Amino acid sequence: MKLLLLGILVLLLLLSVCLFAMVQYRKNLDKQMNHILEILDRSLDGQKTLAVFDESADAAISERINRLLDISNASYRKADEERNVVKSLIADISHQVRTPLTNIMLYTGLLAEAEIDDQSRALTQKIQAQTEKLDFFMKELVHSSYLESDMLALHPAFSSTAELLGLVCQAEELQAMKKHISFQISGEDFQAFFDMKWTAEALGNILNNAVKYAPKGSEIQLFAESYDSFIRIHVRDQGPGISEKEQGMIFQRFYRSPSVSQEKGLGIGLYLAREILAKEGGYIKVDSSPGKGSDFSVFLSRHALSNSVYF
């Protein structure tokens, strides 16, 4: 009987020792895991982990994460330097090419108005057509580079929507005149919080599409209206319209509808417009039906937003 009780006591003692060892092991494991999590959190914040001069597993993890962080920072710095080089290169190429290109367009225009023979006039028209095509692709290259090289630096301020509409219409006036398209600007002038330069770029891309696809002799309406949080600017055309299926696709980069594939373009304009508006706290939507034209709406914030919104 005594031997039985002694055996039970020994067994209970062994169980207690095993249980204590398991609890201690669990505590040590939790401590190591928390330390590893702390190392990872510091690394995610861009900080180096604290140096530990021993051969433990967490020291090895710290050393490797530090090395990985050094490599990542070096790669980021190199990418940033290359991006700045690309910015400078694109700006330089654009300036160096656009200046002689503008002169060629001016001179061929003057030549076309002069009294020349039919053969010379035909050649002049061909030069004009090719020059306009080259000018178009230069503009598309610059538009694409805005996004690829992170050149969208927005500085919103309270500005006039009437001034914005006037600026955009003036930029597209020549193309509209070629198709005998008129701009009908109406509505009140409102103050909204946006970057004038980049928002004009966004709205200009929308208006450019409206002019490009609208029939000759038609009218494009532009007007602004006020809501509690936004100013809504409409660009309403009498073009071919957009099917419901495609309305969510036209804002994707490089998307072009098969129905307008004969028109020149790379499918960048609306995507760029959406990105610009999103970066200043606005957005864009479209209401359209095939054969009934399109109504693009640009929503601009009426209130100053946090600087963290801008890129």
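Trainee: Which residues in α6 are buried?

Mentor: This is a predicted model, in which local features need pLDDT of at least 70 and side-chain atom pairs count only at pLDDT 80 or more, while totals for chains, interfaces and linings use all residues. Residues are numbered from 1 along each chain as its sequence is written, and side-chain values use heavy atoms, with hydrogens and water left out. Helices (H or I, at least four residues) and strands (E, at least two) are DSSP runs numbered from the N terminus, and buried means under 20% relative accessible area, exposed over 50% and partly exposed in between (1.4 Å probe, protein chains only). In α6, the buried residues are Gly269, Leu270, Tyr271, Leu272, Ala273, Glu275, Ile276, Leu277 and Lys279.

Trainee: Why does Leu272 count as buried?

Mentor: Leu272 is found in helix α6, which spans residues 269-279 and is mostly covered, nine of its 11 residues being buried. Leu272 counts as buried because its relative accessibility is 0%.

Trainee: How far apart in space are Leu272 and Asn205, C-alpha to C-alpha?

Mentor: In sequence, Leu272 and Asn205 are separated by 67 residues. In space, C-alpha to C-alpha, the separation of Leu272 and Asn205 is 8.3 Å.

Trainee: How are α4 and α5 oriented to each other?

Mentor: Axes are lines fitted to C-alpha atoms, for helices over the stretch in contact, and angles run from 0 to 180 degrees between N-to-C directions. Helix α4 (residues 161-178) and helix α5 (residues 196-213) pack with their axes 9 Å apart and at an angle of about 40 degrees. Angles under 35 degrees count as roughly parallel, over 145 as roughly antiparallel, 65 to 115 as roughly perpendicular and the rest as oblique, and therefore α4 and α5 are, relative to each other, oblique.

Trainee: How many helices and strands does the protein have?

Mentor: Read along the sequence, the pattern is α-α-α-β-α-β-β-α-β-β-α-β-β. Of the 311 residues of the protein, 36% count as buried. The secondary structure comes to six helices and seven strands.
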